[in-house]
Amino acid sequence: MSAQHRSRQLELLSPARDADIGIEAVNHGADAVYIGGPGFGARASAGNPVQDIERLAKHAHRFGAKVFITLNTILRDDELEGARRMAWDVYHAGADALIVQDMGLLELDLPPLQLHASTQCDIRSVEKAKFLAESGFAQVVLARELTLPQIRAVADALPRDTVIEFFIHGALCVAYSGQCYVSHAFTGRSANRGDCSQACRLPYTVTDTQGRIVAHDKHVLSMKDNNQSANLAALVDAGVRSFKIEGRYKDMGYVKNITAHYRRLLDEVLEQRPALSRASSGRTTFFFEPDPDRNFNRGATDYFVNGRQDDIGAFDTPKHAGLPLGYVAKLGKDHIEVVLDEGVGALNNGDSITWFDLQQALQGVQVNTVEPLDEAGRRWRAFPKEPVSALKDLKRDTVLLRNRDMAWERQLKKKSADRRIAVDLHFEETPDGFALSLTDEDGHYARVEAAHAHERAQHAERVEPQLRDQLAKLGTTIFEPRELTLRLSRPWFVPAGFINALRRDAVAALEAEREACRERLLPAEPVSPPVPYPEDTLSYLANVYNRKAHDFYVKHGVKLVEAAYESHEALGEASLMITKHCVRFSLSLCPKQAKGVTGVQGTVRAEPLTITHGDEVLTLRFDCKPCEMHVVGRIKKNVLQQAKAAEKASLKAEPMVFYRTRPAAPGR
């Protein structure tokens, strides 16, 4: 199936930590929002009550936008019933789809909601994507590591109505999603259960097989942030139809700004391609200039979309350095004099400034108050919250950046966008009074009429302008006037109060008509009989944590199903992370980069490296044929002890039950 024959609609999919942020995502142009329900989402502290899901869904549906619920953790057997009940609760609240990782859910009595395959499903092959599409998933989130040709190959293999979703912005997990167990091995906090400790953002010392230091205290597993701004048209050509912004932990300002940024870019794509359309209704006006560089970011990369790149890592710091500000002109006892770069906005009370110390580590301080020192606004005196003497390596001529701009934050705390649906109004007289008809940009139609005497106007020339002015006052509704026609036999006097009431009733009738015509997304029907899974043996990497997931894979022809890593059966050395990122390549140590190395790809082998953070030691092994890196280690003894204690405690209350390949060891 060629990419150009896929769905005509392009969907901008924004994150929401809570309903209020989700509502603003819609107001700023999102065609769909993904949000955590009351539980079982892959962001443990980003859950929302059903009432808030309902409030968000009602607002989104006014514009034809959708609400997707993240139910994308792996589940124990004793959690499946709770997850099933939650699915029904959010269905009744108006949710449009469930984003799922655990295949055990497909064996339950779920509501007729669309199922979307989470990024946690690790979809990086044509075979895996095709299997999920044929197993009942209407939308699949492809791995962030795929290149444009790989995305196109998946699109060509999938049914026409399967929507391909792809992350276009936000933080990057260094591992293939769903293939990272470092957090669980070190802390007992499982990334597959929404509680990642982010070990990838720590600094590590890298040593070779002879113990020589290759890199000291570098964040070698920390990636820059994803930014596909320049690749949207190419992604459309490759078959992507849902463009996903990462960030269910992010604040309101981030979601407003990044949604607005990509709304503009996607609208430009749509203008150039009349055969394509938006996945929801209305147009958005912004009261600020979107700029993704102003939000927290670790620098930008388009990762592997255009092939392997040299600069995908944020090795110096996982923090937000900020935008260029200026330089230090002078240091006082309690203040810093700063000269701003040309074109930089004024300093503000509460701003945060940053700089790199002599070891190239990021330093920063928040400013209490500031005062201008010249009329041009380029020279400022800033009084930091910490003693100037304590600010490491800050001296005259130090280059400064700003990673928190209070003026920008204040701007985004106010109303910053307005989304309206175009509507045509037709006002006419009836035998007993007058009628107003509304037709919106999607073709929905509503007509209301009311009795009123036909009275001659004293000033006939004023009637039409006044009527047009009154009818066009759509105010705080979701509509804006496009065309307005009048059909009157003569210029009648019509009171403003009558017009206002008629207009309010017509708007309410049109909203009711839009809701009555709204169709819920239909679930995809799985192929029958069940299609075989691409492999007949599954290791712990398949994340099977309950008996229903085991049954699902057996039904699809799998002969051997190992238990998830969280079941604690892989106690020896194991791949705790599989990643397309290669530390050797990023440090210019890849054998294929060496001058004079020739031969078929895959014939060159790279020796392992070791990375250390405190007492945490991991081995990096390199699989050169697929160009992948494995981070190898063991689960810590204290994690196993904690797990045993938790299981023992649960026996006195409600036992924890999860899938195991073999019986639990004595004492567990």
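The model is predicted: local features need pLDDT of at least 70, side-chain atom pairs count only at pLDDT 80 or more, and totals for chains, interfaces and linings use all residues. Residues are numbered from 1 along each chain as its sequence is written, and side-chain values use heavy atoms, with hydrogens and water left out.

Let us start with the strands. Helices (H or I, at least four residues) and strands (E, at least two) are DSSP runs numbered from the N terminus, and two strands pair if DSSP finds at least two bridges between them. Strands of a sheet pair through backbone hydrogen bonds, either parallel or antiparallel.

How many bridges join strand β15 to strand β20? There are four, between residues 323-331 of β15 and residues 399-404 of β20, and the two strands run antiparallel. If you want a spot to look at, glycine 326 stands opposite leucine 400 in β20.

**Backbone details**

Most residues other than glycine have a negative phi, and most peptide bonds are trans.

Glutamine 360 is not a glycine, yet has a positive phi of about 65°. You will find glutamine 360 in the loop between β17 (352-356) and β18 (362-372). Serine 588, also not a glycine, has a positive phi of about 60°, and sits in the loop between α13 (583-586) and β30 (609-613).

Are these residues buried or exposed? Buried means under 20% relative accessible area, exposed over 50%, and partly exposed in between (1.4 Å probe, protein chains only). Glutamine 360 is partly exposed because its relative accessibility is 42%, while serine 588 counts as exposed at 58%.

Proline 529 belongs to the loop between α11 (496-517) and β27 (537-538).

**Salt bridges**

Side chains of opposite charge can pair when their charged atoms come close. A salt bridge here is a side-chain nitrogen of Lys or Arg within 4 Å of a carboxyl oxygen of Asp or Glu, and by this rule the count comes to 50. The table shows some of them.

| Salt bridge | N to O distance |
|---|---|
| glutamate 54 and lysine 58 | 3.9 Å |
| arginine 294 and aspartate 291 | 3.8 Å |
| arginine 379 and glutamate 337 | 3.5 Å |

Arginine 379 in strand β19 (residues 379-384) and glutamate 337 in strand β16 (residues 336-340) link distant parts of the chain, 42 residues apart. Arginine 379 is partly exposed at 32% relative accessible area, whereas glutamate 337 is buried at 7%. Elsewhere, salt bridges that share partners join Asp291, Arg294, Asp351, Arg402 and Asp405 into one network.

Glutamate 54 and lysine 58 both lie in helix α2 (residues 50-62), four residues apart, about one turn of the helix. Glutamate 54 is partly exposed at 32%, and lysine 58 is exposed at 54%.
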